[in-house]
Amino acid sequence: MAVTSEYNQKQKDAILMVRQHLSHLPDSELRRLKKRIESYLQFRKVVNSFQDQHFADICSQKCFTSYKSACCGREGIITFFADVVINVLLSTREEIDVLLDTLDTDTGGLNCVYLNNTGCLWRLKPIVCEMFLCEHAKTLVLDNNKVLKSQWEKFRQRERRYTWPSRPVLFDELEAYFIEAGCDSPLMYLHRSPGLLRLKARHGLDRKLSTKVHNV
């Protein structure tokens, strides 16, 4: 029988917490939340297209098919609470059940618990996964192509508009929305990480909870 690791338990608790809270919201509120993340989803769509065009073959050959999966290491994926919120909003109940079952039945190994033989089990994988490029991939694709390198740097800057709290950002505000509803999770890094809290204070951001999700 699989023994649930601390990492898996934190993931499971966050998923269950989000699903339970969302299940009690009226359809109008769910539509409002989905509307608020549209800009972020568009960003993810563009980045995914870029990755597919320029990195998919390289990454599959270097990591996935060789079972090395350096970018999907065991318990090495930082999952933000907002990642969980957005994924649950987009997923069917059956898709979430698969994640929960995977966390419960995980028997270990070298790879991320969410990685199976067809790829990531998330409908929309964590932002850290989307924006990670190993040195081999960056050297092969970006170092000799100024246009692609510039485009990737623009993506990195745009990512910060959703995740880096030097200004009001979506990930911080989604956490605040759930905290005000009585939820708490170790994955709420934007309200728990000393470094991110210092960053917010340095930029004069009010630490009081707010349910207002800014347009980003």
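Student: What pattern does the protein chain follow along the sequence?

Tutor: Reading along, you get α-α-α-α-α-α-β-β-α-α-α-α-α-α. That comes to twelve helices and two strands, where helices (H or I, at least four residues) and strands (E, at least two) are DSSP runs numbered from the N terminus. Bear in mind that this is a predicted model: local features need pLDDT of at least 70, side-chain atom pairs count only at pLDDT 80 or more, and totals for chains, interfaces and linings use all residues. Residues are numbered from 1 along each chain as its sequence is written, and side-chain values use heavy atoms, with hydrogens and water left out.

Student: Why are H1 and H5 called oblique to each other?

Tutor: The axes of H1 (residues 6-23) and H5 (residues 81-90) cross at roughly 50° and come within 9 Å. Angles under 35 degrees count as roughly parallel, over 145 as roughly antiparallel, 65 to 115 as roughly perpendicular and the rest as oblique. So H1 and H5 are oblique.

Student: Which residues of H1 and H5 make the contact?

Tutor: With contact meaning heavy atoms within 4.5 Å, H1 brings Ala14, Ile15, Met17, Val18, Arg19 and Leu22, while H5 brings Phe81, Val84, Val85, Val88 and Leu89.

Terms used. Axes fitted to C-alpha atoms, helices over the stretch in contact; angles between N-to-C directions.
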